[in-house]
Amino acid sequence: MTIISNLSPYAKTLSLISSIKLMSMFEHFSSRWFLFAAQENPSCLNFLLDTFNNLIQYQYEGNQHVIYTLCCNKKVFDQLVNMKFEENSSKKNREQFNGDKEKENESNNSSNENKTDSEEAKATTTNYSFVPSEEWFNKWKTDLHISTVMRLLDYLLPQIEGFCKRQNQASVGEKAIMQFLKNTTLVGLLPVPHAIVIRKYEPNQYTTLWFTTYIWGVFFLRNKKYPLWESDKIRLFSINLV
């Protein structure tokens, strides 16, 4: 998420598939069951909102696919803005998340009997003891960077509807809407562009494990002609013989 957010101010054109993938991630991260499952989960929302904001403020001209995808999913943003804290519902969503994690761990354990020690450490069940409070909910809800996206949608959707009506056709093609979005200016409608924020890499146990596994995996693959290790003795990563 950090990488996506850092690169977004410089992404001149994203494809429709990439735009849909970003929106799918946002829909997942903005779901109640995910948000209320752990204290830090709402931070994922702001990473994606910062990504959308950067694309809107700095790369609007070449990212009609992103804008079009946002417009098609306005209800997702409306649901987030209108979300209320409900204690009983929060408990239910947290239990659902924990249940899904337990099923996932059971599935992982049963599907891979030869899992290495490092993989087992990563796949162990996390202690989801977090209990959401209304104070916690109000804090992250207030800090959401969503105003730019909502202002964009509130302006563009009526414009798109008016454009479609003026075409006097049963349906307006996607290309026509894309061209309309490209010719539409947002000058004076959006807030003053915010400063570009580049987040620095912060090491943690998961990224350290990934880098270690990756680097030693490269060493192994680059030395297959004159093997340095016996493949059946390696425990850091799994090897599939074809």
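Phe-130 and Trp-136 are both buried (under 20% relative accessible area with a 1.4 Å probe, protein chains only; over 50% is exposed and anything in between partly exposed). This is a predicted model, in which local features need pLDDT of at least 70 and side-chain atom pairs count only at pLDDT 80 or more, while totals for chains, interfaces and linings use all residues. Residues are numbered from 1 along each chain as its sequence is written, and side-chain values use heavy atoms, leaving out hydrogens and water.

The structure holds 16 aromatic pairs (rings of Phe, Tyr and Trp, the last by its six-membered ring, with centres within 6.5 Å; planes under 30 degrees apart are stacked, over 60 edge-to-face, the rest tilted). With ring centres 5.8 Å apart and planes at 25°, Phe-36 and Phe-137 are stacked. Phe-36 sits in the loop between α3 and α4 and Phe-137 in helix α9, so their pair ties together parts 101 residues apart in sequence. Helices here are DSSP runs (H or I, at least four residues), numbered from the N terminus. Phe-36 is buried at 0% relative accessibility, and Phe-137 is buried at 3%. Phe-130 and Trp-136 pair edge-to-face, 5.1 Å centre to centre with 70° between the planes.

## Helix α2

Now to α2, residues 16-29, whose buried residues are Ser-19, Leu-22, Met-23, Phe-26 and Phe-29. Viewed down the axis, they fall within an arc of 125°, so they line one face of the helix (the arc is taken from directions between the helix axis and the C-beta atoms). Exposed Ile-17 and Lys-21 are on the face turned away from that buried side.

Conventions. Helix = DSSP H or I, 4+ residues; strand = E, 2+ residues; numbered from the N terminus.
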